[in-house]
Amino acid sequence: MSGASGFVPQGPLGRAMHHFEETGIAVILGSMTLITFVNVVLRKAFNSGLLWGLEVVSILFAWLVLFGMSYAVKVTAHLGVDALINVLPKERKKPFALVAVTCCLAYALLLMKGAWDYFANFANLPTTTGRIIPTGFEDMRPQDFKGYKETDVVPFPEWARGPLENWLLLEGDPSFENLPVVFGYLIVPVGAALLLYRLIQATGQILRDERDSLIVSHEAEEAVAEARAELENK
C-alpha cells in the first residue's frame, strides 16, 4: 500500500498534478502562517493589525481543506474502519476495495456537479441542467448571476480592477470596493476536480494491485510493534 512517504508520481500529467498540489499546499500554509504572525506582531507591538488578515486566513484555510481531501487520497491518509476487511485474505480484499472506490467515484461526480453549479453563479457562468447527472448548461438570465458579490474587508488590487469588473459586473452594478468572492470560491470546483482525478487514479492502482485500500495503512502501528519487539529482545 502506498503511504505518504512512498508515493511516486508517474508520467508527465502525474508529476504536474503532484507538484501543483504540493506547491499549492505549501504556499497556502506559508501564507497563513505569515499573515497570522504579522498580525500578532502588529497587535502586540503597535496596537494595530491587518484588517483583512482574518478573512484571508479563513479563505486560505478553506482552500487548504479542499486541496487536502485529494492529497489525502493520493498518499492514502484518509481514515476509515477496516476491522472486517482485515480478517479477509489479501486476494479477497480487492472486490471490497473496488466497491468502496466505486461509491467514492459516484460521490465525487455528484460533488463535481454541485461544486460547478455553486461556483458558476458567482463567476457569471451557466450552471448545469439535470437533477443528478449533468445534461447540458442552463440558459442563465443576467439577474441570476451573482458576480457582483464581494468579500467583507479583503481589498481589491487596483491593477486587476478593470478587466475583472468588465467580467463580473453587469450594467447597473456598483463598482467593487473589496475583492469579489468568486476568487475564494474558485477552489470549490478545483478541489472537486482534483478529488475526482485522484479517485480515478486510485481505481487504476487497485485494479493493478498497487494498493489494496483507500484508507490509511497500518504502517505506523507495524513500526511501533517492531520497535517494541526490538526493545524486548535487548
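**Exercises on salt bridges and helix packing**

K94 is partly exposed, its relative accessible area being 27%. The model used in these exercises is predicted.

**Exercise 1.** Determine which residue forms a salt bridge with K94 and which parts of the chain the pair ties together.

*Solution.* The partner is D209, whose closest N and O atoms to K94 are 3.4 Å apart. D209 lies in the loop between α6 and α7 (219-233), whereas K94 belongs to helix α3 (residues 90-122), so the pair links parts 115 residues apart in sequence. D209 has 58% relative accessibility and therefore counts as exposed, the cut-off being over 50%.

**Exercise 2.** Classify the crossing of helix α1 (residues 11-46) and helix α6 (residues 187-207), and list the residues that meet.

*Solution.* The two axes come within 13 Å and cross at roughly 135°. That angle makes α1 oblique to α6. The crossing of α1 past α6 is left-handed. On the α1 side, L13, G14, M17, H18, F20 and E21 meet L194, Y197 and R198 of α6. These contact residues comprise five nonpolar, two polar and two charged.

**Exercise 3.** Describe the salt bridge between K74 and E21, and state whether each residue is buried or exposed.

*Solution.* The side chains of K74 and E21 meet at 3.1 Å, N to O. K74 lies in helix α2 (residues 53-74) and E21 in helix α1, so the bridge ties together parts 53 residues apart in sequence. K74 is buried, at a relative accessible area of 2%, and E21 is likewise buried, at 0%. Salt bridges with shared partners join E21, E22, K74 and R198 into one network.

Methods. Residues are numbered from 1 along each chain as its sequence is written. This is a predicted model: local features need pLDDT of at least 70, side-chain atom pairs count only at pLDDT 80 or more; totals for chains, interfaces and linings use all residues. Side-chain values use heavy atoms; hydrogens and water are left out. Axes are lines fitted to C-alpha atoms, for helices over the stretch in contact, and angles run from 0 to 180 degrees between N-to-C directions. Helices (H or I, at least four residues) and strands (E, at least two) are DSSP runs, numbered from the N terminus. Angles under 35 degrees count as roughly parallel, over 145 as roughly antiparallel, 65 to 115 as roughly perpendicular and the rest as oblique. A crossing is left-handed if the near helix is turned anticlockwise from the far one by less than a right angle, and right-handed if clockwise. Contact means heavy atoms within 4.5 Å. Ala, Val, Leu, Ile, Met, Phe, Trp, Tyr, Cys and Pro count as nonpolar, Asp, Glu, Lys and Arg as charged, and the others, Gly among them, as polar. A salt bridge is a side-chain nitrogen of Lys or Arg within 4 Å of a carboxyl oxygen of Asp or Glu. Buried means under 20% relative accessible area, exposed over 50%, partly exposed in between (1.4 Å probe, protein chains only).
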